[in-house]
Amino acid sequence: MARSKVYPGFAEAIHGIEDGSTIGFGGFAMPGVPFNLMKALQSSGAKGLTCVANTTGGAGQPRMPDIGHLVELGMVSKVICAFTAATRASDQLPFTKYYESGEVEAELVPQGTLAERMRAAGAGIPAFYTPTAVGTELAAGRETRVFAGREYLLEPALPLDYAFIRAHRADASGNLRFRRSQRNFNPIMAMAARVVIAEVENDIEPAGAFDPDDIHLAGIFVHRMVVIPPAPDGLWPQLREPRA
Amino acid sequence: MSGLTRQQMADAIARRFEDDWIVNLGVGIPTMCSNTAITADIIYHSENGVIGYGPMAAPGHEDMHLVNAGGQHVTLKPEAAVVHHADSFAIIRSGKIDVTVMGAYEVASNGDFANWKIAGAKGGGIGGAMDLAACAKRVFIILEHTQRNGAPRLLRQCALPVTARGVVKLIATNLGLFEPAGDHFNLVAIAPGVTLDEVRAATGAPVEPAPGMTEIVP
């Protein structure tokens, strides 16, 4: 009988994260962000982390657990994101001043390239060529190659040590289902990671509860799961305050 | 000379959409294109993998699992489908997006534009803009014609780091609709109450009226 993948709490599920680990955090805006695992990580004492996500977070209100908090706690040496500054020039991300001062390193990556670099890692592909960012500052000094008359930029795969993800439903074998735009980066990060930790919005269902045709991420990619308790003990997506 | 409102700028772009186009709207004024009543039957695509979304959710009816690329709670049309991020950008990178509409800080008459990094900043916000700009069939830009201090945003060459080179096909500002034409902009349509001289004075590159130039009906 295989060992259970279900952990009693978030702290137990993230136990043993080594200093210097590369961790991917799923999610886009609020849906699919592993808020509870990110909050638990704040108390883990891990240092020198490389954090990978769409954004370092923190421009919207209410502020939810994000990479910016981990940076503020001195746990992060590098971030790899599609946003290292806010989209609106008038906004300031909590992360930005740590980057400007040189305390934390950052690699700014176009969103589709970020997704594909992890997809490649999860697919055993070491690098790929993309037309994205050709002719921009991001491509300066880097290897490009022309295929059929068009220039492409070489991008390396981005493997992760850990993926923190959030799913809607899970069965005991770790098969996951996501709901609506919650899916986003979550299954790709899971496939790119050595250890995958999932927070799940519903009680874990028995193996066989899902039709095998209806599974979004196969359980072989998922190692640890925690059921999210109802608020206020568990963190759930909030409505953002409207912006002008 | 103030010209079009933000919604009217979005309307001027949205009325160019054609049947069966797959359309991606960027954060800011471009999302207002989905408020425009148009006859074209189009499909909205969002970077986070939502294909076939509809109007914004009514207050109190938001689905907490469902947002567009701007983080706004949208609704789904009957034909909607959801894919993960790598598939969403596979759709983009393989050239299946008919038009991407984005905001920008600057756009140049050579078709370059800049929208990810402001002057003096170390970091930036790229999001999906570079993928969309490099790969969509058409790039349409919506922006205020000038900065708050009156300096032009339509230039001969971008001063800020570019998002992509030579890709912009159509620009809507509060003063009109423009096409980059190499060393100048063609003025395709002018906003009501605005003169050609006023447009020229507010633009950092030569402006030529296009043959058959019209006045925009807001």
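# Briefing on the predicted two-chain model

Of the 218 residues of chain B, 57% count as buried. Over all chains, the structure holds 18 salt bridges.

**Fold of chain B**

- Chain B is built from 4 helices and 13 strands.
- The radius of gyration of chain B is 17 Å, close to the 17 Å given by the globule rule for 218 residues, so chain B is as compact as a globular protein of that length.
- The C-alpha trace of chain B spans about 50 × 40 × 30 Å along its principal axes.
- Among contacts in chain B with a separation of 6 or more, 61% are between residues 24 or more positions apart.

**Interface between chains A and B**

- On the side of chain A, 43 residues are in contact with 42 residues of chain B.
- The size of an interface is often given as the accessible area lost when the parts come together.
- Three helices of chain A, α4 (96–100), α5 (111–122) and α6 (186–192), each supply at least two residues of the side that touches chain B.
- Helix α5(A) gives the most to this side of chain A, with 6 residues.
- By residue class, the side of chain A that touches chain B divides into 19 nonpolar, 15 polar and 9 charged residues.

- Glu116(A) is buried, at a relative accessible area of 12%, whereas Arg119(A) is partly exposed, at 33%.

**Other salt bridges in chain A**

- Side chains of opposite charge can pair when their charged atoms come close.
- Glu18(A) and Arg194(A) meet through their side chains in a salt bridge, at 4.0 Å from N to O.
- This pair links distant parts of the chain, 176 residues apart: Glu18(A) lies in the loop between α1 (10–13) and β1 of chain A, and Arg194(A) lies in strand β11 (residues 193–200).
- Glu18(A) is partly exposed, with a relative accessible area of 38%, and Arg194(A) is partly exposed as well, with 48%.
- Glu18(A), Asp161(A) and Arg194(A) are joined into one network by salt bridges that share partners.
- A further salt bridge is formed by the side chains of Arg63(A) and Glu72(A), at 3.5 Å from N to O.
- Arg63(A) counts as partly exposed at 27% relative accessibility, and Glu72(A) counts as partly exposed at 36%.

**Backbone features of chain A**

- Most residues other than glycine have a negative phi, and most peptide bonds are trans.
- The peptide bond from Ala231(A) to Pro232(A) is cis, with omega near 5 degrees.
- Pro232(A) is placed in the segment after β12 (224–227) of chain A.
- Ala29(A), a residue other than glycine, has a positive phi near 55 degrees.
- Ala29(A) lies in the loop between β1 (22–25) and α2 (35–42) of chain A, and is partly exposed, with a relative accessible area of 28%.
- Ala148(A), which is not a glycine, has a positive phi of about 45 degrees.
- Ala148(A) is in the loop between β6 (144–147) and β7 (150–156) of chain A, and counts as exposed at 89% relative accessibility.

Technical notes
Residues numbered from 1 in each chain as written. Chains lettered and ligands numbered in written order. Predicted model: local features only at pLDDT ≥ 70, side-chain atom pairs only at ≥ 80, totals over all residues. Heavy atoms only, no water. Contact = heavy atoms within 4.5 Å. Nonpolar A, V, L, I, M, F, W, Y, C, P; charged D, E, K, R; others polar. Rg over C-alpha atoms; globule rule 2.2 N^0.38 Å. Buried < 20%, exposed > 50% of the residue type's maximum accessible area, 1.4 Å probe, protein only.
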